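The sequence and the structure come first.

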Amino acid sequence: MDLKDKVALITGGKRIGLVVAGELAARGVDVALSYARSRTEAEHAAERVRAAGRRSTILQADLSQPDACEAIVAATVHELGRIDILINMASVYVQRPFDQLRSVDWDAVIDVDLRAAFLCARAAALHMRRQGGGRIINFSDWVARSGRPRYLGYVPYYVAKVGIIGLTEALALELAGDNILVNAIAPGPIVAPPGTTNEESKTVEQATPLGRWGGEIEIAKTVAALLDSDFITGETIRVDGGRHIK
């Protein structure tokens, strides 16, 4: 895909979304960013896009609400004129022991991590069809891509991220005739979550064959590679420094 003057919508992402937005802008893409509570991070990402000479807008949305998914796609088209790229990064990542898991906890994760990706894709695809094609990139997880859970307390998260892989494959088939390519990225140790201790960080490094955290730029590189390709669809690519093989 020629990225010059294309428009992307990135949902969520925080620190990683900021880097992805910056890399897209450097390649000529205008970027809309949605956020739930992280307005500061969204504003920083928008500033980075504008510093590269591209247009940007930020959109507050609670993607657990179905109408919000259609609304941010419509707002992107209204503000920036079109939508060519959808990057579904919005995610809820909360640990809760299985015995304490309530239906409301389940819904809080599934609605954002899986249902919102579907609803945003459905809304975006309507516009992409009229334009002759587009790209959708979903976000799974290296654990889900490896096909087995490894950590206790993440039942809805794991199920949602496995579901993203299935959604990606199904949408790739459904939308191939419209020249809309759909892929997913399954990050591993990219950035340490807030509150990670030095000891915990080193444990992750030791468990990763490449011996380090990847950094946000590795996700941005993978996004760019998928956008560059005109013949990859239905794939879920791990970006995990080999973590899944150790």
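Two strands count as paired if DSSP finds at least two bridges between them. Helices (H or I, at least four residues) and strands (E, at least two) are DSSP runs, numbered from the N terminus. The model is predicted: local features need pLDDT of at least 70, side-chain atom pairs count only at pLDDT 80 or more, and totals for chains, interfaces and linings use all residues. Residues are numbered from 1 along each chain as its sequence is written, and side-chain values use heavy atoms, with hydrogens and water left out.

**Sheet**
- Strands of a sheet pair through backbone hydrogen bonds, either parallel or antiparallel.
- Here seven strands form an open sheet with parallel pairing, in the order E3-E2-E1-E4-E5-E6-E7.
- Strand E3 (56-60) and strand E7 (236-239) are the edge strands, each pairing on one side only.
- On average, neighbouring strands of this sheet are turned by 15 degrees against each other, direction ignored.
- Strand E1 (residues 7-11) and strand E4 (residues 85-88) run parallel and are joined by four bridges.
- Ile 10 has Ile 87 in E4 as its bridge partner.

**Helices on the sheet**
- Axes are lines fitted to C-alpha atoms, for helices over the stretch in contact (heavy atoms within 4.5 Å); angles run from 0 to 180 degrees between N-to-C directions.
- Helix H3 (residues 66-80) lies across E1, strand E2 (30-35) and E3, at about 145 degrees to E1.
- Helix H8 (residues 216-228) packs on the sheet and touches E4, strand E5 (134-139), strand E6 (180-187) and E7; the direction of H8 makes about 145 degrees with that of E5.

**Helix H2**
- H2 (residues 39-51) has 13 residues and reaches 18 Å from first C-alpha to last, close to the 18 Å expected at 1.5 Å a residue; the expected span is 1.5 Å times one less than the number of residues.
- Ala 42, Ala 45, Ala 46 and Val 49 of H2 are buried (under 20% relative accessible area, with exposed over 50% and partly exposed in between; 1.4 Å probe, protein chains only).
- Seen down the axis of H2, the buried residues fall within an arc of 100 degrees, so they line one face of the helix; the arc is that of the directions from the helix axis to the C-beta atoms.
- These buried residues pack against helix H1 (14-26), E2 and E3.
- Gly 53, which follows H2, has a positive phi near 85 degrees.

**Ser 201**
- Ser 201 is found in helix H7 (residues 198-207) and is buried, with a relative accessible area of 16%.
- Leaving aside neighbours within four places in sequence, Ser 201 is in contact with Thr 196 and Trp 213.
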